[in-house]
Amino acid sequence: MMNLEVNKIYNGFRLIEETYIKELDGVAQLFEHDKSGAKLIHILNNDENKVFTITFKTPPEDNTGTAHIVEHAVCCSSKKYPLKDTFIEIQKGSLCTALNACTYQDMTMYYCASKNEKDLLNLIQVYMDLVFNPLVTSDDRYFRQEGWHYELRSKKDNITYNGVVYNEMLGEYDDPSAVLEHTIHKSLFPDTVYRYDSGGIPEEIVKLTYNEFLDFYSKYYHPSNACICLYGNAEILSQLELLDKEYLRFFDKKRVEAEITLQQTLSAPITVCEKYSVSEELDVSQKAIFALSFVIGTSENTELRLAFEILEHMLLKSSSSPLVESLIVHNSLGKCIDEGGYDSCRRQPIFSIVLRDACCSQRTYFERAVFQVLEQLAYQGIDQKLLQASISTIEFGLKEAEFPFEPRGVVCSELIENSYLYGGDPFAYLRYEENLEKIKKKAEKGYFEELIKKYFLENTHRVFTVLEPSKTLEEEKQVIREKMLKRYKKSLTTQQIAKLIVDNRELDTMQNSPNLKESLQNLPVLSLDDVCKAAETNILQENTLEGIRVIFNPDDAKDIIYIHLLFDTTAVCEEDIPYIGLLSSLVTYLGTESYTYLEIDQIINTHLGGLGCLINAYANVENESDYKPFFKITGKLLIKELPHFILIMQEVLSSTKFTEQSKIKEIIESIQYELERSFGGAPEYVAAKRLYSYITHAGAYEDLVSGIEYYHFIKHLCDQFDENFKEISDKLCEVYGKIISKSHLTIAVTAEEKNHKTIEEHLSLLIDSLKDKKLNKHIYTLEPTIKNEGYLTINNLQSVVQGVNYKTLGYKCYGSLQVVCHILESTYLWDKVRLQGGAYECNVMVSTDGTLVICSYSDPGLLETLEVYQGIGKFLRTLSLDESELHRYIIGTIGMLDSPISLEQRSERTLTSYLCGITNAMLQKTREEILSTTIEDIWFYADLFDEAVSQNIVCVIGKAEKIKKSKKIFKSILRLP
């Protein structure tokens, strides 16, 4: 590390403050750019996944989603990089581990990450040009493409709305959670920017004009309103030089009016009612949503934030939560309360207690029951075991510091902005240990009880929100939308209609035209020499312990252990397979012979970082029909807690009780709710998973334990639960007894090498405690069956999934196929499905088990999208790439392959490779095939995609009207709630 002096200038940046942050094991520095006024925060530590972020205060001024549309539009093209989509072009040939942008409620963040220092400098250069020199300020086609536009192809057609953000938010507001969130915000903050949805409400987005868009960009996108964060083990001076020399020195300081004002406390609590859309066939008798939401201080109070994260776990996330017990287990008021919680992504955080799937007539009882629980906690005291369990859970998460979806540096940037954005200490949230110790000391002295009194019981700044289901709301909105569009078309002259058609054709031309080669050559790129030629390998040590196979994965786990207990499930007969899925949601949440379910939950939370179950069918890489179904229990814990883990597992594996009727009912109803929510919230995942069941044996199995078939099983149990509970209980006990056996067990451990001997000694105790049952293994007759289903939902948009098992067509998974997928996602499908079709995303997924799946998300099209899929083969067959272009795609493919993952994810990946028969030699061979991909290899796969789409294997989830109009492609059309 180079020593920098406070108050000295380095490449235009004055160092204002330097401090050590123990929690990050790094030095944090605060700079200000003298000429432009930009703030810059640098965190230097040993993290090889280097991060750059630039964030602007962008408080919304209405519900038109201007900040969101600006975020999309500026990423398209810039003066230095005049491409039709620079964002996707740079990603094609980068080793980036993250590349994205996000609109928050009062800020917009652009971020990227890479383990390669040269690559990060390239990404910084492109990002800076995009945000400060975007072409959208002089070309409204990017605004129309990313925001919204009137779509008209011929004068006889009806006018429609289209645009990426418009369609994204149309899909977002299909989910009642979006309606609930917006209703809460506008009620709690009627006088501040938080009353608006910065993402945009579809009906309001179409009111935004291009000039208003430009005014917003001009107002907020200036360095004086920006905060840059640099994180990781990169050299700082070269980064500062690039930022100053290429961009910031061209700006002068400017006063930007972007203050986030505080909402005055409401003088009295309020109640609001809204509606959300449901399908006509749905039974709405118990589909109301209740929410009690409280404003909790301000974001500057870092101790308060940490305390409420602990309260969130205790009240909402813990299975032994007193609110869960009161609202769901004992009074059956609804199915789920874990959707709410503590939301600190604004200057004034909110805590919400949300109950889903309730009876509308019980709203008063819900409110009364919540306050009864809170009063009991505040005045009679919180169970110290429950409280300590939640503190331990939060503390473990902070120490683990693993973030499965974003690089750690991006999360740190968010934490910095959560304070610095409002004038607070930028490093306040990064330092948690001092606050945690304070909270621990005060916990036994009524600290949390006082918080409950002040911020819940005595707090008038709260709202009670009731969302009622409506079977007519969506139709009413559609009628209004169509009337507005017809009225608009009627208002146009013949010349204006002709111009609108021309405008759409010009947009099509831009989207269909290839980028100029000279423009592409401006992009900073890596060469193949910058790419590591060696694959990241799995290190495994396979041993036998007490006759049981134990797989050790030595990793730098810092005294954290990940233990997987895998039980072969083939002793369970085929008709009982769905019960295995149910067991995965029950085990560790039910009581045992020695402990109630409340006690076992507290013990787990006190001593472990997490304990959960999953069902996985691991398909052999050489033979997909040879799959291994396992019931997997995974624990993560500190080495010092290993004795407690063994005791917990001995109890759970030997004496779990399936007789607690009210608790089992609560869990089953929660499963039903979560599955139904996924149909609207993650339809692309549900449709892809269903299609897997059409084409793979493992997929057919997993559909029975976690997919749509499993949903039908769960719904049937719910419908007849009370009268059939004895039968359900007996079956669960029988199936669990067939799974838990010493002879069925495989153990996988990820930990530091120094801890392996200690771990073995403790695992021996667990193994010895297990019974060794000799049970017959079943050979399942499950066969993949092509069903071609169209699932009707209340959604306005579709997820269109098509796929095939390429191994049945005679193809193998060569590394070059991954390059082909990258090319398709970033060129053909991006242009046709996203830019022209208006979908939010379209992906190609290929797996070693033989699955090849194409999937669109938030897609207004259906047949149009399938027609695009039909053209993939032709596109590949006629694709022309020079050497430099091909190398960019190869580098981008390697970048996706090498993306850093959390330690827990590495543990899972290593285990999966082992069970699927994926060797290090295979990983290296795949990498070499990627690096040596030729244009002939790309052309080779044209026939595969032709054959794939000719099989016509499809699954679609989406709008009823759209699916019914396309009924010829489906074997069956079904309804999902």
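Lys636 is buried in this predicted model, with a relative accessible area of 15%. The residue sits in strand β20, which spans residues 623-638. A cut-off of under 20% relative accessible area defines buried, so Lys636 qualifies at 15%.

**Around Lys636**

- Setting aside neighbours within four places in sequence, Lys636 contacts Phe396, Glu400, Ile561, Tyr562, Leu608, Gly609, Gly610 and Glu904.
- Two glutamates, Glu400 and Glu904, are among these contacts.

**The eight-stranded sheet**

- Eight strands make an open sheet with mixed pairing. Their order is β1-β2-β3-β4-β10-β5-β7-β6.
- β1 and β6 (96-103) are the edge strands. Each has a single partner strand, so one side of each lacks a neighbour in the sheet.
- Ile9 has Arg14 of β2 as its bridge partner.
- Strand β5 covers residues 50-57. Seven of its eight residues are buried, so the strand is mostly covered.
- In the sheet order, β5 stands between β10 and β7.
- On the β7 side (residues 107-114), eight bridges hold an antiparallel pairing with β5.
- Phe52 faces Leu230 of β10.

**Helix α9**

- Helix α9 runs over residues 236-246. Its buried residues are Ile236, Leu237, Gln239, Leu240, Leu242, Leu243 and Asp244.
- In an α-helix there are 3.6 residues a turn, so residues three or four places apart point the same way.
- Ile236, Leu240 and Leu243 are among the buried residues of α9. Gln239 and Asp244 are also in the buried set.
- At the start of the helix, a side-chain oxygen of Glu235 comes to within 2.9 Å of the backbone nitrogen of Leu237.

**The second largest pocket**

- This pocket has a volume of about 1,300 Å³.
- Its lining counts 38 residues. Nearest its centre are Thr160, Tyr161, Pro860, Glu864 and Lys962.
- Two or more lining residues come from each of β9 (160-162), α5 (164-172), α17 (473-491), α30 (828-836), α31 (863-870) and α37 (960-965).
- α17 gives the largest share of this lining, six residues.
- By class, the pocket lining holds eleven nonpolar, twelve polar and 15 charged residues.

**Cavities**

- The model has six cavities of 30 Å³ or more.
- The largest cavity holds about 320 Å³ of space. It is lined by 20 residues, and Pro176, Tyr276, Arg356, Glu676 and Pro977 are the closest to its centre.
- β11 (270-277), β14 (350-358) and α23 (661-681) each provide at least two residues of this cavity's lining.
- The largest share of the cavity lining is from α23, with five residues.
- The cavity lining has seven nonpolar, six polar and seven charged residues.

**Loop residues**

- Most residues other than glycine have a negative phi.
- Asn11 has a positive phi of about 50 degrees, though it is not a glycine. It lies in the loop between β1 (9-10) and β2 (13-21). Asn11 is partly exposed, at 33% relative accessible area.
- Ser858 also has a positive phi, near 45 degrees. Its loop lies between β25 (851-857) and α31. Ser858 is buried, with a relative accessible area of 9%.
- Ile201 lies in the loop between α6 (176-188) and α7 (202-205). It counts as buried at 12% relative accessibility.
- Beyond neighbours within four places in sequence, Ile201 contacts Asn63, Tyr173 and His182.
- Ile201 is 501 residues from Glu702 in sequence. The two lie 37 Å apart in space, C-alpha to C-alpha.

Key
Residues numbered from 1 in each chain as written. Predicted model: local features only at pLDDT ≥ 70, side-chain atom pairs only at ≥ 80, totals over all residues. Heavy atoms only, no water. Buried < 20%, exposed > 50% of the residue type's maximum accessible area, 1.4 Å probe, protein only. Helix = DSSP H or I, 4+ residues; strand = E, 2+ residues; numbered from the N terminus. Polar contact = N/O pair within 3.5 Å; in protein donor to acceptor, adjacent residues only side chain to side chain. Pairing = 2+ DSSP bridges. 1 Å grid on protein atoms, 1.4 Å probe; cavity = no way out; pocket = protein on both sides within 12 Å on 5 of 7 lines; lining within 4 Å. Points joined across faces, edges and corners; volume = space filled by probe spheres on them. Nonpolar A, V, L, I, M, F, W, Y, C, P; charged D, E, K, R; others polar. Contact = heavy atoms within 4.5 Å.
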